[in-house]
Amino acid sequence: MAVKDINAKGGVLGKQLKLEIGDDQCDPKQAVQVANDFVKKGVVFVAGHFCSGSSIPASDIYAEEGILQITPASTNTKFTDDPAAKGIKTIFRTCGRDDLQGVFDGTWLAKTYAGKNVAILDDKSAYGQGLAVDTQKNFEAAGGTVALRDTYTSKEKDFSALVSKLKDAKIDAVFIGGYHFDVGLIMRQAREQGLSADFVSGDAMNSAELWSISGPAGEGLRFSDASSALNLDSAKDVVAAFRADNYEPEGYTLSTYAAIQAWAAAAEKAGDIEGAKVADALRSGPIQTVTGELSWDAKGDLTKSTYAWYVWHEGKYAQEPLN
Amino acid sequence: MLKNLIGSTALAAVLAIGAFGTVSAAKAEDLTVAVAGPMTGEYAAFGEQLKR
């Protein structure tokens, strides 16, 4: 929709935008193939990728070719830290970072479950591990002690051994760094095995698909994510247009829209589509997007990220009020 | 011979127009931007969020 809306307003630098879609399946090797394919097709800007494990290897190719990249979803700190350390300036996000989300998650866990048994799990992915490590760090810094730290293999079908470990350790709360399809299954099998612990996770729980996997076992699942932009004035018209099209712009839809908007505005400001010039324009001042006014630091990270808790209830999730 | 020459010239002209037409449409008038993510597989629900 972002491309359609920009084209309707005259495009960028007087040119219409043509959209290419690349499917990486969250596989790092496929992400590199997608990136190389984009280079061959003359792509000047990429909004993506989704999984940190894909965004990071693809970013090497975009950086080498001077193609500006903005991920709307990849939160692993290495995505911007490593290129910035090499002097690369064409990599950005419109989402937060694991270390900031880890502060939000870890301090809340320590305060809420003081004196209780907390387990921290991850799926060994760049996203899941990154979030779990930063959450643990901040949980411990806030006085918490991890009762059980473990990993699991994503896309397994039987998590009964993991659930047994949680039961044996008398866990009261489980924090999981991972994706919804695994967390939904772990919760279902946990409830089937009589584990009543609370489940807490990160932003990858923001898909309606979670409930189709967990069923009612997903009740009460809590997850952290950026504060929703759905009710912002800046998003009002776009959200209405999505809903008129029978689509609820959940999860990363608006952060992707914002990424494309930001690139277009910066290209206009720079008067050029060259990646380095657009990057300078992005850093030169705030840009109005559907997710509000965005500014980026030297690394390409947002200068401000506000997190909120969301809780699943009867098949839907809703944001809790900000403190 | 003349018929063959006319035919060859016409064919070359058609090919040239076709080639330049395609190039000008793709390179001079458009800027190609991309969205990348998991459009198929177990993460596809997120790819759909990005693609929209």
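Analyst: Over all chains, the count comes to 17 salt bridges. The model is a predicted one. Side chains of opposite charge can pair when their charged atoms come close.

User: Which residue forms a salt bridge with Lys41(A), and how far apart are the closest N and O atoms?

Analyst: The partner of Lys41(A) is Asp37(A), with the closest N and O atoms 3.1 Å apart. Lys41(A) is partly exposed, at a relative accessible area of 36%. Asp37(A) is likewise partly exposed, at 31%.

User: Which parts of chain A does the pair Arg149(A) and Asp122(A) tie together?

Analyst: In this salt bridge the closest N and O atoms are 2.8 Å apart. Arg149(A) belongs to strand β6 (residues 146–151) of chain A and Asp122(A) to strand β5 (residues 118–122), so the pair ties together parts that lie 27 residues apart in sequence. As to accessibility, Arg149(A) is partly exposed, with a relative accessible area of 30%, whereas Asp122(A) is buried, with a value of 1%.

User: Which residues are linked in a network of salt bridges?

Analyst: The network links Asp81(A), Arg93(A), Arg97(A), Asp99(A), Lys299(A) and Asp301(A).

User: Let us turn to the interface. How much area do chain B and chain A bury between them?

Analyst: The size of an interface is often given as the accessible area lost when the parts come together. Here chain B and chain A bury about 3200 Å² between them, with 60% of that area on carbon and sulfur atoms. Leu31(B), Tyr43(B) and Arg52(B) supply 23% of the area that chain B buries against chain A, more than any other three residues. In terms of contacts, 24 residues of chain B meet 50 residues of chain A.

User: What is the make-up of chain B itself in helices and strands?

Analyst: Chain B has two helices and one strand, and its elements run α-β-α from the N terminus on. Of its 52 residues, 29% count as buried.

User: How many residue pairs are in polar contact between chain B and chain A, and which elements of chain B supply the side that touches chain A?

Analyst: There are 19 residue pairs in polar contact between the two chains, counting pairs with both residues at pLDDT 80 or more. On the side of chain B that touches chain A, at least two residues come from each of α1 (2–28), β1 (30–37) and α2 (44–51) of chain B. The largest share, eight residues, is supplied by β1(B). By residue class, this side of chain B divides into 12 nonpolar, five polar and seven charged residues.

User: How many salt bridges are counted between chain B and chain A, and where are the residues of the pair Glu42(B) and Lys157(A)?

Analyst: The count between the chains is two salt bridges. One of them joins Glu42(B) to Lys157(A), the closest N and O atoms being 3.9 Å apart; the cut-off for a salt bridge is 4 Å. Glu42(B) counts as partly exposed, at 33% relative accessibility, while Lys157(A) is exposed, with a relative accessible area of 59%. The pair crosses between chains, from the loop between β1 and α2 of chain B, where Glu42(B) lies, to the loop between β6 and α7 (160–168) of chain A, where Lys157(A) lies.

User: Finally, is Ser52(A) buried or exposed?

Analyst: Ser52(A) counts as buried, at 1% relative accessibility. Ser52(A) is placed in helix α3 (residues 52–65) of chain A. Neighbours within four places in sequence aside, its contacts include Pro57(A), Asn76(A), Tyr127(A) and Tyr179(A).

Definitions and conventions. Residues numbered from 1 in each chain as written. Chains lettered and ligands numbered in written order. Predicted model: local features only at pLDDT ≥ 70, side-chain atom pairs only at ≥ 80, totals over all residues. Heavy atoms only, no water. Contact = heavy atoms within 4.5 Å. Buried area = accessible area lost by both parts, 1.4 Å probe. Salt bridge = Lys/Arg side-chain N within 4 Å of Asp/Glu carboxyl O. Polar contact = N/O pair within 3.5 Å; in protein donor to acceptor, adjacent residues only side chain to side chain. Helix = DSSP H or I, 4+ residues; strand = E, 2+ residues; numbered from the N terminus. Nonpolar A, V, L, I, M, F, W, Y, C, P; charged D, E, K, R; others polar. Buried < 20%, exposed > 50% of the residue type's maximum accessible area, 1.4 Å probe, protein only.
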